[in-house]
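This report covers strand pairing and charged side-chain contacts. The structure is shown first, and the description follows.

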Amino acid sequence: MAGALYPPPGLVAELDSSLSLLEVGGGRVPPPAEQQQQRRAGAENADLLPMVFLCAGCKRPVGDTLSWVTNDEEAGCILLRSAAASVSVDEERKLSKRPGECGCMIETLFCSGCSMTLGNIYRCTPKHLDYKRDLFCFNVDSIESYILGSSEKQALTDEEPLTLENRAVLEEVLQRADTVLKALETRLTAVESSMASLHNKV
């Protein structure tokens, strides 16, 4: 950008050095293994950002990662300890017809907003499926997800805030405009009257 001022490179280096001494550790440079561990922890924290799950039909929230238990890639579902109030449970128990789930008693989950089927709750399971029992099992095809903090758009404006001084100026401008409009209306009425009288004479 033209006219921008940049500090000398030497000054930037000195500032960076001074700031590093103020940080915890007194400017200690961590070993490569620790640096790699810190980067890995940062990546994991990014992956653990809160996520809200929405009904794919009407976009009502059905749950979030605060109640996350696990996911089952083979069955195509996620398991939560709890669900939102918009999730209703059909308490009529049915036998699961899915392969490998012989003997499972399930209750159907559906959206109270659009009645879309969202998944099941396993009430009775064989031993190898005990980890699903009494958990909310949402089909990934029936839900969508939104990561909190993932929005990058911000409301930017160059307009100045409306102060008392600005408001007074604005009111004065509006008053002048109103006066001008009234004067124009009066003149227009006079012109219309003149035109009407000329028409009558003809």
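Two strands are taken to pair if DSSP finds at least two bridges between them. The model described here is predicted.

**The sheet**

By that criterion, strand 3 and strand 4 (residues 77-80) pair in the antiparallel sense, over 4 bridges. Within this pairing, aspartate 72 stands opposite cysteine 77 of strand 4.

The pair belongs to an open sheet of 6 strands, whose order is 3-4-8-7-6-5 and whose pairing is antiparallel. Strand 3 (68-72) and strand 5 (87-95) are its edge strands, and each of them pairs on one side only. On average, neighbouring strands of this sheet are turned by 25° against each other, direction ignored. In general, the strands of a sheet pair through backbone hydrogen bonds, in either a parallel or an antiparallel sense.

**Salt bridges**

Side chains of opposite charge can pair when their charged atoms come close. Over the whole structure, a search finds 8 salt bridges.

| Residue | Partner | Closest N and O atoms |
|---|---|---|
| Glutamate 144 | Lysine 59 | 3.7 Å |
| Arginine 176 | Glutamate 172 | 2.8 Å |

Which parts of the chain does the pair of glutamate 144 and lysine 59 tie together? Glutamate 144 lies in strand 9 (residues 143-147), whereas lysine 59 lies in the loop between strand 1 (51-55) and strand 2 (61-64), so the contact ties together parts that are 85 residues apart in sequence. Glutamate 144 has a relative accessibility of 35% and counts as partly exposed. Lysine 59, at 41%, also counts as partly exposed.

Arginine 176 and glutamate 172 are both in helix 3 (residues 164-201). Because they are 4 residues apart there, about one helical turn separates them. Is arginine 176 exposed or buried? Its relative accessible area is 54%, so arginine 176 is exposed, the cut-off for that class being over 50%. Glutamate 172 counts as partly exposed, at 40% relative accessibility.

Aspartate 130 is partly exposed at 35% relative accessibility, and arginine 133 is partly exposed with a relative accessible area of 36%.

Salt bridges also link residues into a network, made up of Arg93, Glu107, Arg123 and Asp134.

Definitions and conventions
Residues are numbered from 1 along each chain as its sequence is written. This is a predicted model: local features need pLDDT of at least 70, side-chain atom pairs count only at pLDDT 80 or more; totals for chains, interfaces and linings use all residues. Side-chain values use heavy atoms; hydrogens and water are left out. A salt bridge is a side-chain nitrogen of Lys or Arg within 4 Å of a carboxyl oxygen of Asp or Glu. Helices (H or I, at least four residues) and strands (E, at least two) are DSSP runs, numbered from the N terminus. Buried means under 20% relative accessible area, exposed over 50%, partly exposed in between (1.4 Å probe, protein chains only). Axes are lines fitted to C-alpha atoms, for helices over the stretch in contact, and angles run from 0 to 180 degrees between N-to-C directions.
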